[in-house]
Amino acid sequence: MTTITSSLKREDLITIEKKDGIATIWLDKKGEKQNTISMDFIPLFEDSFDEVLNDPEIRAVVVTSAKKDFIAGADVASFTAEKPGDFQPFTRRGHQILKQIETSSKPVVAAIQGACFGLGLEIALACAGRIISDDRSTKLGLPEVKLGLLPGGGGTQRLPRLVGIQKALDIMLTGKNIYARPAYKMGLADRMVHKSKLLRAAREFALEIANNKFERKSKLDTKDKLLEGTSFGRSVIFNQARKMVQKTTSGNYPAPFEIIKCVEVGMEQGIEAGLAEEIVRFEKLMLTPESRQLRHIFFNMTNKKKNPMADKVKEVECIAMLGAGFMGAGITEVSITNDIDVILKDINEDTIASAKKLIWKSFSKKVKRKAMGKVEAERLIGEIKGQLDYSGFKRPEIVIEAVFEDLDLKQRVLAEVEAATSDDCIFASNTSALPISAIAEKSTRPELIIGMHYFSPVPKMPLLEIVKTDKTADWVIATCLDIGIRQGKTCIVVKDGPGFYTTRILAPFMNEALLMLEEGAKIKDIDRAMKDFGYPVGPITLMDEVGIDVGAHIMSGDLIKLFIAQREDVKISEAIMEMSKMGYKGRKNQKGFYKYDAKTKKKGEINEEVYMYFGGDERREMDKQTIQRRCALVMVNEAAMCLQEGIIANPTDGDVGAIFGIGFPPFRGGPFRYVDQLGASKVVKRLEKLAERFGGRFKPADILVEYAKEGKKFYK
């Protein structure tokens, strides 16, 4: 057996309470907001269970948390291995402890409140029973796939046996959260109570199991029992799962396939064979470049939850939202659901009503899946104060505008806000392309002007791009960072300039796709090639989704002028501007590069008519690799230019912004990690070859040339 020692004392992690024949193991990692399981945890956890399971006066055990969450999962930083065999001993030791819990003659019950993820859920799965609170903060899940890994603590074996193969695969392949009521309904939890009764109910449940008075019944329906109960039926499930994963990921992510394989081995050859497979395949995935990149992203996201300027933050209780359109409604929703009061102002009462209706629709979906209570939803929607004037605007500490993308309009709105608000009220613009310094040009308080560029749809898109000018005060930046973090956003701070960072690197990407259409490429070929590269959607589909009118606005403004000014022999497509003039807006008016169903707005076939803007119907095959390199490398090169010019402060912000703002393939790590992975010299050579064939827009950024010559990397 592998010896694992701990530098911690048991009281740093665990407290044991014994009463009336029941031992309650309290998990409380000192100095941390959440319980996570590291290598140090294993011997202490084992020692604690040895004590209570060998105590003759103890009949049953309850495991619970002294924190607001149960266990957030494993400490991802402890996943270190250089070669096959390095990490397997730790996984095997963990399996032995969980087997001890599972087979103990004294039942162990997990009492779960709050987050129960990853290894936390796998510990609960090894217990004789699980009881959860019905609070909306209670969420269970196995999110390892998001890190390029599989559940390594027996999850691939115990979960399918508890809730069924199909539900288990859905949980593990998506990494999604399961809220309390759905968890109880599917059998993931045996009991559900109010959080105030959780501990008492858990102790009673543990004794019930000890007295052999509890019998778990399958919650699978007859059809699923028949399908999952035969080798042939299971083979159908596994084959369909593989097809779905291939279609969704284009084969770029190995983890989902390894999860399916582990489940398949376990169900066909038995749980011991499945557990052995899990140990080997978990480590195999740890060593893949895809998992390394995804774990780097996870660490970056975790770090972004902390405000590096926390000491400069001004407390914000209320924001005023100007503009009740789609973006304004989204910003309002993420604010009120995170305890920030909102005044929602528009010039039209119907627009305010539509915004509330949109927010209520979102709340209703949460209520339906039990992620929010109906009473809470009604309370929050009632707290949105809609109005047509500036009355009460002395209260908000910040005003966020999301009005139409017109500089004169935004300057006029700013003047109105400055007249109506307190002298220290922040003004934040949600513009995606207009320079913040231009909006602030006529301001009487330029130090209070900042950009807060949210992405659509706001409740789903994780990034917030905070744009500072040379005059923006530090405390204003700090406060906006704090608001973004409270809203659940991953924030980056960038310097003002045409397109800021995300829109700036997106524009040449879109332009390149349009130029390839002009050269005779097919719409579907371009989209398919970039999806295969790892983007969530192709660039042509993206233009339909964002709006052809929005794309035309970006492609005809200061951003493109900058792009042209920085390089020689630059070609810019003007086709999208022509399409916009002719009324093409994409999905929103069902008139775009693709056809759309009038009722559902679901994307259909190619709209062949648009080819008239790109040289006619005659199309030709274009090499997939050429499409991928042209689109991807023009974006990477522009990202490097942004770092060179100080638009972004560091490569990490560049990678986070590209992945979470515009869908750069996560498994490639972002533009800068992608350069490091290929090597700067290889990237420069590819750009130079593209420049020879297609023009100066591919001229490598100076910083890339420098890194190539010196053999440097952006990350150590």
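A residue is called buried when its relative accessible area is under 20%, exposed when that area is over 50%, and partly exposed in between (1.4 Å probe, protein chains only). The structure on display is a predicted model, in which local features need pLDDT of at least 70 and side-chain atom pairs count only at pLDDT 80 or more, whereas totals for chains, interfaces and linings use all residues. Residues are numbered from 1 along each chain as its sequence is written, and side-chain values use heavy atoms, with hydrogens and water left out.

**The whole protein**

Begin by displaying the entire protein as a cartoon. The protein contains 29 helices and 21 strands; these are DSSP runs (H or I, at least four residues, for helices; E, at least two, for strands), numbered from the N terminus. The radius of gyration is 28 Å, close to the 27 Å that the globule rule gives for 716 residues, so the protein is as compact as a globular protein of that length. This radius is taken over C-alpha atoms, and the rule is 2.2 Å times the number of residues to the power 0.38. Of the 716 residues, 56% are buried.

**First selection: D424 and K314**

Select D424 and K314, whose side chains form a salt bridge (2.9 Å, N to O). The term denotes a side-chain nitrogen of Lys or Arg within 4 Å of a carboxyl oxygen of Asp or Glu. D424 lies in the loop between helix 16 (407–420) and strand 16 (426–429), and K314 in the loop between helix 12 (289–304) and strand 12 (318–322), so the pair ties together parts that are 110 residues apart in sequence. D424 is partly exposed, at 35% relative accessibility, and K314 is likewise partly exposed, at 23%.

Next, select E401 and K410. Are these two residues buried or exposed? Both E401 and K410 are buried, and their side chains meet in a salt bridge (2.8 Å, N to O).

Now select K624 and D532, which form a salt bridge with the closest N and O atoms 3.0 Å apart. K624 belongs to helix 25 (residues 624–645) and D532 to helix 20 (residues 523–533), so that distant parts of the chain, 92 residues apart, are linked. K624 has a relative accessible area of 42% and counts as partly exposed; D532, at 23%, is also partly exposed.

In the whole structure, a search finds 46 salt bridges.
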